[in-house]
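Try each task yourself before you read the solution.

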Amino acid sequence: MATFIEHLTETSPYKVIPKHHQLAAQQIERVASGEVNNLMLLMPVQHGKSFVFSDRLPSYILGRNPLLHVLLTAYGNPLVQRAVVANRNTMRGEYWQGTYGWPVGEKDTQNALLLDVPGQDGRFSLIGAPLNGSIAGHTVDLALVDDICRNEKDAMSPTVRATISENFFSVISPRSKKIILVTTPWHLSDLAMENLRIARTNKAARQWTLVVLAATNEEGKDSYIEDTRTGERQYLEAYEALWPEVHPRAELDEIRATMRDRKWQALYMCRPSVGANCLFPRDKWGTMGNASPVLVNWAWDFASGKANANNDYTVGCCVALMNNGRYAVLDVFRGKPDFPMMKQLIFQKWCETYERYKLYPQVFIEDASAGQQMLQEINYANMVSPSMLQPIPVLPTHNKEMRAEAIASAQNNKQVDIPADAPWKEDFIRELEEFPLSEHDDCVDAYTWAQAGFVRGEGFFKPLDGAVGQMTIDDPRHPFAVLEDALLDQEYNDQFGEMQL
């Protein structure tokens, strides 16, 4: 029996099958053989998605087993009709008939065809319908979803996204044994991203083999194969251009320089944003200059405490108020240490910050889950041997968006800087840019608490030393209360030199 790569080779106009099409063919073979049930492939625009999937995959699947039923759906009827015609022509062609030999029946339309073979139940072998059209009643062995949005206007429309999502989850998914979804992701709440969030958060839901093929992959981190059930990722080897024969690197660089970064990230790097609803826009971050910190906050968001790949990350974020009146994210830790190592990290980062800036950092920890245990551990350690590290408990909340919105104005007004060469910079910016629809939100939590230490009080922090009520910004124990003294000290040091004690 022919493989899908052989099928592509025989039906493709290309003399040599591009490497990314070969990789896609390998993953399709896993679906055809029954190794995996659901495949999602994210690719840049103009990289041959429909050519591989819509125009050639159904004829391969039905060649292997003519009794199967395949649904082909996409954003619009013209694309669906073109793909059905392309498959019909392939199946009536010399190669397909010589390889498989199944006769194509006369009972067909522009959007459907039927193989005239013994055992056929009379239902169409291949049925095509637009995503927002009438699909009810077509129970299928494989649903092929190709390109879920026509253009940016549709992708950014909540109404269009809701219609597509409703049709998929209420009609297509329940009637499909297997699903292959291939698209360019435009928005973090589109159909592809929604399926990934459901799969990652609920292992009882439909799980996916995810293949992300970015236009460029210089560091070997942007293109990968992920199993949503285990969370494991296989990163692909670094490359300068995904399809250099058609889209060489120089062309990609020109495209990137010409279009807005948000569009480049979505359409070519397969990293969509939340559009106009972005709480922390990428272009609002500043670049840290020569200013010095006068007040420093560390905030920590802890995972469950078990050091394994399936947990969320433990994140520490250090934000400073600078002597130029701006804020700066000085450092970010992101990893999966076990609980004893977490406590060591808090003290280690506190000491490193003090040694570097000669400032006593405030430390914020959420009073919930592993954070609650950490607060108890540190408080007990301070009872045995007092230290300068006195963590401030953060009130737990279920509404992370509202809390993030409360401190977002500083970043939105371009008042927050980041070191230009920080190794954590891109991952940090990306997570905040994609919030609240990102895979993880640990950096968002830690940054929110650290920033809130300068501008918020009520509703964020618990009181210390057994005091009653919530800590407010007027409380002398609140970190903002020492700001005036810190600025006066800095002014004195600038004028007369640092005081020697």
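**Exercise 1. Find which side chains E433 and R282 bring together, and where each residue lies.**

Solution. Step 1: E433 and R282 form a salt bridge through their side chains, at 3.2 Å from N to O. A salt bridge here is a side-chain nitrogen of Lys or Arg within 4 Å of a carboxyl oxygen of Asp or Glu.

Step 1: E433 sits in helix α16 (residues 425-434) and R282 in the loop between α11 (261-267) and β10, so the pair ties together parts that are 151 residues apart in sequence. Helices (H or I, at least four residues) and strands (E, at least two) are DSSP runs, numbered from the N terminus.

Step 2: E433 is buried, and R282 is buried too. Buried means under 20% relative accessible area, exposed over 50%, and partly exposed in between (1.4 Å probe, protein chains only).

Before going on, a note on the model: it is predicted, local features need pLDDT of at least 70, side-chain atom pairs count only at pLDDT 80 or more, and totals for chains, interfaces and linings use all residues. Residues are numbered from 1 along each chain as its sequence is written, and side-chain values use heavy atoms, with hydrogens and water left out.

**Exercise 2. Work out the strand order of the open sheet and name its edge strands.**

Solution. Step 1: the seven strands follow the order β10-β16-β13-β12-β11-β14-β15, with mixed pairing. Two strands pair if DSSP finds at least two bridges between them.

Step 1: the edges are β10 (286-287) and β15 (392-394), each pairing on one side only.

**Exercise 3. Is strand β14 enclosed or open, and what are its neighbours?**

Solution. Step 1: four of the five residues of β14 (residues 362-366) are buried, so this strand is largely enclosed by the rest of the structure.

Step 1: strand β11 (residues 293-301) pairs with β14 in the parallel sense over four bridges, and A299 has F364 as its bridge partner in β14.

Step 2: β14 and β15 also run parallel, joined by three bridges. F364 stands opposite I392 in β15.

**Exercise 4. Find the helix that holds V384 and the surface patch to which V384 belongs.**

Solution. Step 1: V384 is found in helix α13 (residues 369-384). V384 counts as exposed because its relative accessibility is 59%.

Step 1: Y380, M383 and V384 make a nonpolar surface patch of about 400 Å². Patches are made of residues with over 30% relative accessible area and no salt bridge, where like charges are joined within 9 Å and nonpolar side chains (Val, Leu, Ile, Met, Phe, Trp, Tyr) within 5 Å. Accessible areas come from the Shrake-Rupley method with a 1.4 Å probe; for residues, only the protein chains shown count as cover.
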